[in-house]
Amino acid sequence: MSDELQVIFVSEDGETEQKVSASIGERLLDVGQAAGQPLEGTCEGQMACSTCHVIFSREDFARLPEPVEMEEDMLDLATAVTPTSRLACQIFLTKDMDGLKAHIPSEVRDMTGI
């Protein structure tokens with residue numbers, strides 16, 4: 001059994017997909033940042049901001065663990081939130097997530113200057 005899987009990041013405009021190799025147990029935020037995706041992660045994954053907001057299809061969203069209440073509260077601060085929005089800092093990759101597609105939202109909240 002391989003410890004590697006593929007994650008796909010879809011650009012804000014939906015035109016570009018970037019396939020990235022990742023390891024089981026890695027955090028989606030870290031994988032995206034290493035691949036050059038615009039996932040700010042101002043709080044460095046401490047769930048104290050919403051700058052790593054990503055959107056999933058309903059099918060992919062169903063493969064994720066349930067969000068905790070604190071994550072849902074942080075998503076209230078994000079822009080362009082959908083019912084299938086999550087914080088990339090809270091997604092730790094499992095073998096069942098191979099092929100997961102994370103869509104970068106068209107609007108983001110930049111908190112670096114705050």
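Is Lys 101 buried or partly exposed? Lys 101 has a relative accessible area of 28% and is therefore partly exposed, where buried means under 20% relative accessible area, exposed means over 50%, and partly exposed covers what lies in between, with a 1.4 Å probe and protein chains only. The model is a predicted one, in which local features need a pLDDT of at least 70 and side-chain atom pairs count only at pLDDT 80 or more, while totals for chains, interfaces and linings use all residues. Residues are numbered from 1 along each chain as its sequence is written, and side-chain values use heavy atoms, with hydrogens and water left out.

The structure holds 4 salt bridges, a salt bridge being a side-chain nitrogen of Lys or Arg within 4 Å of a carboxyl oxygen of Asp or Glu. One of them joins Glu 17 to Lys 101, with the closest N and O atoms 2.8 Å apart. Because Glu 17 lies in strand β2 (residues 17-23) and Lys 101 in strand β5 (residues 100-103), this pair ties together parts that are 84 residues apart in sequence; the strands here are DSSP runs of E with at least two residues, the helices are runs of H or I with at least four, and both are numbered from the N terminus. Glu 17 counts as partly exposed, at 44% relative accessibility.

Another salt bridge brings together the side chains of Glu 71 and Arg 86, at 2.8 Å from N to O. This pair also links distant parts of the chain, since Glu 71 sits in helix α3 and Arg 86 in strand β4, 15 residues apart. Both Glu 71 and Arg 86 are buried. A further bridge runs between Asp 30 and Arg 27, whose closest N and O atoms are 3.0 Å apart. Here Asp 30 counts as partly exposed, at 32% relative accessibility, whereas Arg 27 is buried, with a relative accessible area of 16%.

Helix α3, which spans residues 69-75 and includes Glu 72, also takes part in a surface feature. Glu 66, Glu 69, Glu 72, Asp 73 and Asp 76 gather in a patch of negative charge on the surface. Such patches are made of residues with over 30% relative accessible area and no salt bridge, with like charges joined within 9 Å and nonpolar side chains (Val, Leu, Ile, Met, Phe, Trp, Tyr) joined within 5 Å. The C-alpha atoms of Met 74 and Leu 87, which are 13 residues apart along the chain, are separated by 8.4 Å.

Met 47, in the loop between α1 (28-34) and β3 (53-55), has a phi near 55 degrees, a positive value in a residue other than glycine. Met 47 counts as buried, at 10% relative accessibility. Ala 80, in the loop between α3 and β4 (85-87), likewise has a positive phi, of about 60 degrees, although it is not a glycine. Ala 80 counts as partly exposed, at 33% relative accessibility. Thr 42 has its place in the loop between α1 and β3 and is partly exposed, with a relative accessible area of 35%. Thr 42 and Asp 30 are 12 residues apart in sequence and 12 Å apart in space, C-alpha to C-alpha.

The cysteines remain to be considered. A disulfide is a covalent bond between the sulfur atoms of two cysteines, and the criterion applied here is a pair of cysteine sulfur atoms within 2.5 Å. A search of the whole structure finds 0 disulfides.

Notes
Accessible areas come from the Shrake-Rupley method with a 1.4 Å probe; for residues, only the protein chains shown count as cover. Lys and Arg count as positive and Asp and Glu as negative; His and the chain ends are not counted. The place of a charge is taken as NZ of Lys, CZ of Arg, CG of Asp or CD of Glu.
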